[in-house]
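Subject: Structure handover

Hello,

Here is the structure I promised you. Please open it alongside this email; my notes follow below.

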Amino acid sequence: MPDNISTKSKLEELNLNSNRLSVLPASIGNLVNLKKLFVSENDIRQISPLLGKLKSLETLHLRMNENLNNLPIEMAHCDKLSILNLDRCPLTDIPPPVVKNGSNMIIFFLQQVIEYKKEHPQQS
């Protein structure tokens, strides 16, 4: 991924499919106007919590990142996110019934985790 990608604040769509990425860098959080992000068919293992800063994000494709076990709870702040493709991502750190019910349920689950942590900060 280009080093200067975080300076492209007006960027609305980014396709990083099939680039052998193992992490989604924190600098992605600087792309505040990003609406569509495609990072399918990589080796993403971790996603930065700064992804939650992408308030304009509507579409996120993470399909076939077969070592992606979790999503940052901060993704729940992506209020406009309506398309979340997680096919063939194991997400073993999220309860299977949540994953089975699809992306809307996953986002709802992440929102509930945030609320729980706010109400019970000593248990976080």
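A residue counts as buried when its relative accessible area is under 20%, as exposed when that area is over 50%, and as partly exposed in between. Keep in mind that this is a predicted model.

Start with asparagine 85. The relative accessible area of asparagine 85 is 16%, so this residue falls under the 20% cut-off and is buried. Asparagine 85 belongs to strand 6, which covers residues 83–85.

What does asparagine 85 touch, leaving out residues up to four places away in sequence? The list is Leu60, His61, Leu62 and Arg63. With histidine 61 there is also a polar contact. That contact runs from side chain to side chain, at 3.4 Å.

Now to the loop between strand 1 (13–15) and strand 2 (23–24). Serine 18 sits there, and arginine 20 lies in the loop between strand 1 and strand 2 too.

Check the backbone at both positions. Serine 18 is not a glycine, yet its phi is positive, at about 55 degrees. Arginine 20 is not a glycine either, and its phi is positive at about 60 degrees.

Arginine 20 has a relative accessible area of 79%. That is over 50%, so arginine 20 is exposed.

Best wishes

Conventions. Residues numbered from 1 in each chain as written. Predicted model: local features only at pLDDT ≥ 70, side-chain atom pairs only at ≥ 80, totals over all residues. Heavy atoms only, no water. Helix = DSSP H or I, 4+ residues; strand = E, 2+ residues; numbered from the N terminus. Buried < 20%, exposed > 50% of the residue type's maximum accessible area, 1.4 Å probe, protein only. Polar contact = N/O pair within 3.5 Å; in protein donor to acceptor, adjacent residues only side chain to side chain. Contact = heavy atoms within 4.5 Å.
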